Amino acid sequence: MEEERGGVVIALARGLSILQCFTAERRELGPTDLAGMLDLPQPTVWRLCQTLKKLGFLVPGTAQDKLCIGEAVLRLGHAAAANTGVVEYAYPMVRG
């Protein structure tokens, strides 16, 4: 069973931390990059990245051994945007 601290599932927190490393400026990162940024063992980061890839949250990047955010993240973002009302506000402006 996954270790918990204070009601937090550590593996889930680490996986989400990996996703948060990607930004508009850092579009492609590899497991080595991520391990350094998060101060986690590279094998742990590699396993987490493999899981995130299987779920569609990460996809292969253009450079060898690099990863990018996948479309599963967009589905979460869309759900969050819809929940805040941003979509309803922006839709008339986008339509023209």
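Predicted model: local features only at pLDDT ≥ 70, side-chain atom pairs only at ≥ 80, totals over all residues.
User: How do the axes of α1 and α3 cross, and at what angle?

Analyst: The axes of helix α1, residues 10-20, and helix α3, residues 42-54, come within 10 Å of each other. They cross at roughly 80 degrees. Angles from 65 to 115 degrees count as roughly perpendicular, so α1 is roughly perpendicular to α3.

User: Which residues make the contact?

Analyst: From α1, A11, R14, G15, I18 and L19. On the α3 side they are T44, V45, L48, C49 and L52.

User: Nonpolar, polar or charged, how do they divide?

Analyst: The residues of the contact of α1 with α3 comprise 7 nonpolar, 2 polar and 1 charged.

User: Which residues line the largest pocket?

Analyst: The lining is A11, L12, G15, L16, L19, L48, T51, L52, L55, F57 and L76. The elements giving two or more residues to that lining are α1 and α3. The largest share comes from α1, with 5 residues.

User: Different topic. How many salt bridges in the whole structure?

Analyst: A search finds 2. In a salt bridge between the side chains of K66 and D33, the N to O distance is 2.6 Å.

User: Where do K66 and D33 sit in the chain?

Analyst: K66 is in the loop between β3 (58-60) and β4 (67-69), while D33 is in helix α2, residues 31-38. The pair links distant parts of the chain, 33 residues apart.

Definitions and conventions:
Residues numbered from 1 in each chain as written. Heavy atoms only, no water. Axes fitted to C-alpha atoms, helices over the stretch in contact; angles between N-to-C directions. Helix = DSSP H or I, 4+ residues; strand = E, 2+ residues; numbered from the N terminus. Parallel < 35°, antiparallel > 145°, perpendicular 65-115°, else oblique. Contact = heavy atoms within 4.5 Å. Nonpolar A, V, L, I, M, F, W, Y, C, P; charged D, E, K, R; others polar. 1 Å grid on protein atoms, 1.4 Å probe; cavity = no way out; pocket = protein on both sides within 12 Å on 5 of 7 lines; lining within 4 Å. Salt bridge = Lys/Arg side-chain N within 4 Å of Asp/Glu carboxyl O.
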